[in-house]
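Subject: Structure handover

Hello,

Please find the structure below, with the sequence. My notes on what was found in it follow.

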Amino acid sequence: MDETTAGPRDTLGVGMVGYAFMGAAHSQAWRTAPRFFDLPRTPVMRVLGGRDASAVKTAADRLGWQDSVTSWQELVARDDVDLVDVCTPGHTHAEIAVAALEAGKHVLCEKPLANTIAEAEAMVAAAESAAARGVRSMVGYTYRRVPAVQLARQLVADGRIGTVRHVRVQYLQDWLADPQAPLSWRLDKQAAGSGALGDIGSHAVDLAQFITGERLTGVSAVLETFVHERPVAAAFAGLHGTGGTGTGPVTVDDAAVFLARLSGGGLGVFEATRFATGRKNAIRLEVNGERGSLSFDFEDMNVLHFYDATEDAAVAGFRRIVVTEPQHAYVAQWWPAGHGLGYEHAFTHQVVDLVGAIAAGEQPTPSFADGLAVQRVLDAVERSAADDSRWVPLA
């Protein structure tokens with residue numbers, strides 16, 4: 001529907017805080033979703049918020065926002081903003097999201113939900129109070145919305161692999177393998193909360209819990225920082241930057257490895273690192289059950305491997321499923337079968353599901369409570385690693 005003809009109940013005014021890597025991805029999703037999907041409300045990109053007036057104005061023009069401001073408080077207070085999209089570093093999530101919910105604005109907040117359990121709990125309390133007034137909130141664990149991941153969850157839910165015995169999840173990147181890669185807010189514990197653990201390990205935890213439908217009930221962990229001092233950044237583009245003069249400390253983990261137990265009795269092995277040389281964005285997940293197995297790697301994101309142990313052993317083997325058929329989640333709105341999707345499409349699917357839930361008066365998922373559940377795992381991992389890898393149970 002064209003914005004000029006849409007009534008006030010037909011549109012959803014969006015304000016977004018933050019415009020770097022995640023801000024660009026979210027902006028593309030807000031632009032694209034109403035052009036490929038028949039949404040019950042049309043998102044309108046009202047205003048972009050950032051600290052530097054010139055930089056945020058340039059970003060707003062480039063990314064498709066109507067206006068820009070340098071105060072998130074001003075953005076939240078605007079009458080033409082119905083939803084606040086939080087794409088800022090983790091230490092700001094709670095303040096912005098709580099204020100927006102209290103102002104009656106729906107909220108989409110990037111992951112991890114917060115930097116501490118206390119902040120996440122405050123966000124959940126605000127979300128539950130707001131939900132009673134019809135105000136919705138969601139945390140952005142976007143990989144849930146990859147069609148192959150959706151199929152994996154469906155196969156588990158349908159009992160195709162039976163009782164889950166093992167889960168193995170790796171999230172491997174290499175953008176920090178060079179010791180001269182400069183500092184960014186992602187390497188500052190005060191801003192980021194943790195390093196590889198929260199940045200990408202949180203995705204690993206969420207995917208394991210989403211696909212299996214189970215919770216992690218305890219962990220034993222090791223964290224490691226390989227490079228303790230890095231050049232101060234002179235400039236950044238996405239995850240990569242150039243060093244300037246001087247150095248500063250790295251105050252987060254570079255890699256996280258932990259064992260876990262699932263609520264159904266299965267075992268989990270998790271690894272998150274930004275030092276896996278040659279691995280760019282390898283989210284590798286395998287689930288082994290009594291009746292079959294599933295395997296997925298985001299670097300081949302349109303494919304899911306499925307093993308059915310009930311088949312005749314003479315012909316049984318992993319089946320390579322190209323998840324690009326119209327029957328697969330979201331795919332029918334895109335390209336003909338076999339024409340694969342990419343990284344950005346999951347963000348569009350996130351917008352589609354969020355707008356649909358808001359219009360239907362339903363709670364979108366993953367909820368802030370789901371985000372808190374992941375936060376509890378991250379906290380347990382840190383506590384275990386700080387105490388010689390002792391087993392830390394989760395309630």
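I begin near the end of the chain. Ser389 is partly exposed, because its relative accessibility is 24% and the range for that class runs between 20% and 50%. This residue sits in the loop between H10 and strand S17 (392–393). Its phi is positive, near 65 degrees, although Ser389 is not a glycine. As background, most residues other than glycine have a negative phi, and most peptide bonds are trans.

Please keep in mind that this is a predicted model.

A second residue with a positive phi is Tyr330, at about 75 degrees, and it is not a glycine either. Tyr330 belongs to the loop between S16 and H9. Is Tyr330 buried or exposed? Its relative accessible area is 15%, so Tyr330 is buried.

Next, the cis peptide bonds. One of them joins Lys111 and Pro112, with omega at about -20 degrees. Pro112 is in the loop between strand S5 (106–110) and helix H5 (117–131). Another cis bond runs from Thr365 to Pro366, and its omega is near 0 degrees. Pro366 has its place in the loop between H9 and helix H10 (368–385).

Helix H10 also holds Asp370. With a relative accessibility of 16%, Asp370 counts as buried. Leaving aside residues up to four places away in sequence, Asp370 touches Arg144, Arg215 and Thr365. The C-alpha atoms of Asp370 and Val124 are separated by 9.2 Å, while the two residues are 246 residues apart along the chain.

For Gln66 the picture is as follows. The residue is found in the loop between helix H2 (53–63) and strand S3 (67–69). Gln66 counts as partly exposed, at 46% relative accessibility. Between the C-alpha atoms of Gln66 and Gly356 there are 23 Å, and along the chain 290 residues.

Now to the aromatic rings. A pair of such rings is described by the distance of the centres and the angle of the planes. The count of aromatic pairs comes to 13. One of these is the pair of Tyr143 and Tyr343, which is tilted, with 6.5 Å from centre to centre and 55 degrees between the planes. The pair links distant parts of the chain, 200 residues apart. Tyr143 is in the loop between strand S6 (137–140) and helix H6 (147–157), and Tyr343 in the loop between strand S16 (319–322) and helix H9 (345–360). Tyr143 counts as buried, with 7% relative accessibility, whereas Tyr343 is partly exposed, with a relative accessible area of 27%.

Phe226 and Phe275 make up another tilted pair, with 5.1 Å between the centres and 55 degrees between the planes. What does this pair tie together? Phe226 lies in the loop between strand S8 (216–224) and strand S9 (229–237), and Phe275 in the loop between strand S12 (267–273) and strand S13 (282–289), so the pair ties together parts 49 residues apart in sequence. Phe226 is partly exposed, at a relative accessible area of 46%, and Phe275 counts as buried, at 16% relative accessibility.

There is also an aromatic cluster, formed by Phe21, Tyr143, Tyr171, Phe298, Tyr343 and Phe347.

Last, the chain as a whole. Its secondary structure comes to ten helices and 17 strands. A compact globule of 395 residues would have a radius of gyration near 21 Å, and the protein chain agrees with this because its own value is 21 Å. Along the principal axes, the C-alpha atoms fill a box of roughly 65 × 50 × 40 Å. Of the 395 residues, 55% count as buried. Among contacts between residues at least 6 apart in sequence, 71% join residues at least 24 apart.

The protein chain exposes about 16,600 Å², and carbon and sulfur atoms supply 51% of this area. There are 34 positive and 47 negative side chains in the protein chain, and the centres of the two sets lie 2 Å apart.

Regards

Key
Residues are numbered from 1 along each chain as its sequence is written. This is a predicted model: local features need pLDDT of at least 70, side-chain atom pairs count only at pLDDT 80 or more; totals for chains, interfaces and linings use all residues. Side-chain values use heavy atoms; hydrogens and water are left out. Helices (H or I, at least four residues) and strands (E, at least two) are DSSP runs, numbered from the N terminus. The radius of gyration is taken over C-alpha atoms; the globule rule is 2.2 Å times the number of residues to the power 0.38. Buried means under 20% relative accessible area, exposed over 50%, partly exposed in between (1.4 Å probe, protein chains only). Contact means heavy atoms within 4.5 Å. Accessible areas come from the Shrake-Rupley method with a 1.4 Å probe; for residues, only the protein chains shown count as cover. Lys and Arg count as positive and Asp and Glu as negative; His and the chain ends are not counted. The place of a charge is taken as NZ of Lys, CZ of Arg, CG of Asp or CD of Glu. Rings of Phe, Tyr and Trp (its six-membered ring) pair if their centres lie within 6.5 Å; planes under 30 degrees apart count as stacked, over 60 as edge-to-face and the rest as tilted.
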